[in-house]
Amino acid sequence: MSEQAKTEAPVLELPDAKKQKITADEDNKENDDATATATMTATPEAETKTAAVPEAPDAEWPEAWYMMEDGTYEDQKERNRLSPNKPASIALLKELGIAYWKMDVENFSYPAKAIPWDPKDATDSKLKAIRDARGYSYADIISVRPDLLPGYDEKIKAFFEEHIHDAEEIRFIIDGSGYFDIRDKEDNWIRIWIKKGDLMTLPEGCYHRFTCDETDYIQAMRLFMGQPVWTPFNRPQEEHESRKFYVENFMKGAEETKEEITA
Ligand code: KMT
Ligand code: NI
């Protein structure tokens, strides 16, 4: 495979089980009035007609670096860079399945806290285009700050447990900043510093964790395809269908890379 081909994000076909799950979720939603008024509906018509919104150019992606090993740093909220710093490339982030858009948040106002968030406030046409193109039919807003999130300390602890989900994790950062850590193919942690205006997706089945940075504040819109299920499945999850799917589609090449290094 050429270098070019290697760094391009794979185009994925959803497994049938996942397609059925989304369809079933959509059906449930229509039967639930309370939810229906609070969700942003992507009609099947809109989904087939809307074109993909191009992701941000590499220069606009968030900064990412390899982290110090767990157990060797004191505070999860610090940068915890290697020394010297070892940046993680955007090509690698894409290879691991991450997608990223730069958003305008200055010209839109979002509520400080709303679960679920009222879609009538969605006046951002780029956000609407991304939602329609990717079928994000649900959104809510979470404010992670000691005075805004009940049980802040326990939640910060839970967010930082290494886990996967059985769906994509989609976060649009409206204010503040924080770190998403994800594993590379050799199981090293990469720390991604997300900030206001960043819309990032982590693929289903990818090991990750989240922490606030030293500012102790992040406000994010959480988007979802169908009815939201935020359940974390803590590592190890090697037999989980979503994990197997991720390994099959995104971790391939890890063995080849190791062989190249040792050859
Ligand atoms: C998560 O999934 O870890 C969170 O929702 C954390 C807050 S959103 C940046
Ligand atoms: Ni998560």
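**A walk out from the ligand**

Around ligand 1 you'll find Ile 142, Val 144, Phe 159, Glu 169, Arg 171, Gly 178, Phe 210, Ile 218, Ala 220 and Arg 222; a residue is near a molecule if its C-beta atom, placed from the backbone, lies within 6 Å of it. Sorted by class, the shell holds six nonpolar residues, one polar and three charged. Here Ala, Val, Leu, Ile, Met, Phe, Trp, Tyr, Cys and Pro count as nonpolar, Asp, Glu, Lys and Arg as charged, and the others, Gly among them, as polar.

A quick word on what you're looking at: this is a predicted model, where local features need pLDDT of at least 70 and side-chain atom pairs count only at pLDDT 80 or more, while totals for chains, interfaces and linings use all residues. Residues are numbered from 1 along each chain as its sequence is written, and chains are lettered from A and ligands numbered from 1 in the order in which they are written.

Now step back to the whole protein. It has nine helices and 10 strands, taken as DSSP runs (H or I, at least four residues, for helices; E, at least two, for strands) and numbered from the N terminus. Of its 263 residues, 29% are buried. Buried means that 20 or more other C-beta atoms lie within 10 Å of the residue's own; exposed means 12 or fewer, and partly exposed is in between, with C-beta atoms placed from the backbone. Among contacts with a separation of 6 or more, 81% link residues 24 or more positions apart, a contact being two C-beta atoms, placed from the backbone, within 7 Å.

For one of those spots, go back to strand β5, where Ile 182 sits. Ile 182 counts as buried because it has 23 C-beta neighbours inside 10 Å. Setting aside neighbours within four places in sequence, Ile 182 is in contact with Leu 96, Ile 190, Ile 192, Leu 202, Cys 206, Tyr 207 and His 208.

Next, follow the chain to the loop between β1 (64-66) and α5 (90-95), which holds Pro 84. A cis peptide bond joins Ser 83 to Pro 84, with omega at about 0 degrees. Asn 80 is found in the loop between β1 and α5 too, and its phi is near 50 degrees, a positive value in a residue other than glycine. Is Asn 80 buried or exposed? With 21 C-beta neighbours inside 10 Å, Asn 80 counts as buried. Beyond four places in sequence, Asn 80 contacts Met 67, Met 68, Tyr 73 and Arg 191. Met 67 is 13 residues away from Asn 80 in sequence and 5.7 Å away, C-alpha to C-alpha.

Asp 216, in the loop between β8 (208-212) and β9, has a positive phi near 55 degrees. Asp 216 is partly exposed, since 15 other C-beta atoms lie within 10 Å. Finally, the peptide bond from Arg 235 to Pro 236 is cis, with omega near 5 degrees, and Pro 236 belongs to the loop between β10 (233-234) and α8 (241-250).
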